[in-house]
Amino acid sequence: MPEAQIRAARPGTSVVIVTHDHALDFLLAAEALARTDLAYIGMIGSATKRAQFERFAASRGSTPPA
């Protein structure tokens with residue numbers, strides 16, 4: 001499972017999320033953002049996807065970084 005790869009990543013790893021599925025992107029981003037030891041977390045997307053992600057994060061009590 002892709003989220004297991006994020007959990008198993010070494011500290012200092014960079015994570016770039018590029019899938020075809022917004023729900024999967026959000027799941028992976030939540031896993032990555034739960035860690036405090038990653039060097040970089042990025043995701044490709046549109047303004048619409050960003051707005052959806054911000055709503056998704058807010059519904060889970062999180063604020064995505066700028």
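What is the mean pLDDT of the protein chain, and what share of its residues reach 70 or more?

1. **Confidence.** The mean is 88, and 94% of the residues reach 70 or more. Here pLDDT is the predictor's confidence in each residue, from 0 to 100. Helix H3 (residues 47–59) has the lowest confidence, a mean of 85. Strand S1 (residues 14–17) has the highest, at 96. Helices (H or I, at least four residues) and strands (E, at least two) are DSSP runs, numbered from the N terminus.

2. **Ground rules.** This is a predicted model: local features need pLDDT of at least 70, side-chain atom pairs count only at pLDDT 80 or more, and totals for chains, interfaces and linings use all residues. Residues are numbered from 1 along each chain as its sequence is written, and side-chain values use heavy atoms, with hydrogens and water left out.

3. **Core.** The largest nonpolar core has 10 residues: Ile6, Val15, Ile17, Phe26, Leu28, Ala29, Ala32, Leu38, Phe53 and Phe56. H2 gives the largest share, four residues. Such a core is a set of buried Ala, Val, Leu, Ile, Met, Phe, Trp, Tyr and Cys residues joined through side-chain atoms within 4.5 Å. Buried means under 20% relative accessible area, exposed over 50%, partly exposed in between (1.4 Å probe, protein chains only).

4. **Aromatic pairs.** The whole structure holds three aromatic pairs. Rings of Phe, Tyr and Trp (its six-membered ring) pair if their centres lie within 6.5 Å; planes under 30 degrees apart count as stacked, over 60 as edge-to-face and the rest as tilted. Phe26 and Phe53 make a tilted pair, 5.6 Å centre to centre with 40° between the planes. Phe26 lies in helix H2 (residues 22–33) and Phe53 in helix H3, so this pair ties together parts 27 residues apart in sequence. Phe26 counts as buried at 9% relative accessibility. Phe53 is buried at 10%.

5. Phe26 and Phe56 are stacked: 5.1 Å centre to centre, 25° between the planes. Phe26 sits in H2 and Phe56 in H3, so this pair ties together parts 30 residues apart in sequence. Both Phe26 and Phe56 are buried. Phe26, Phe53 and Phe56 form one aromatic cluster.

6. **Surface.** Val16, Val18, Tyr40 and Ile44 make a nonpolar surface patch of about 420 Å². Nonpolar side chains (Val, Leu, Ile, Met, Phe, Trp, Tyr) are joined within 5 Å, from residues with over 30% relative accessible area and no salt bridge. Tyr40 is in strand S2 (residues 40–43). Tyr40 counts as partly exposed, at 48% relative accessibility.

Definitions and conventions: Patch = residues over 30% accessible without salt bridge, like charges linked within 9 Å, V, L, I, M, F, W, Y side chains within 5 Å. Areas by Shrake-Rupley, 256 points an atom, 1.4 Å probe, with all protein chains shown as cover. Salt bridge = Lys/Arg side-chain N within 4 Å of Asp/Glu carboxyl O.
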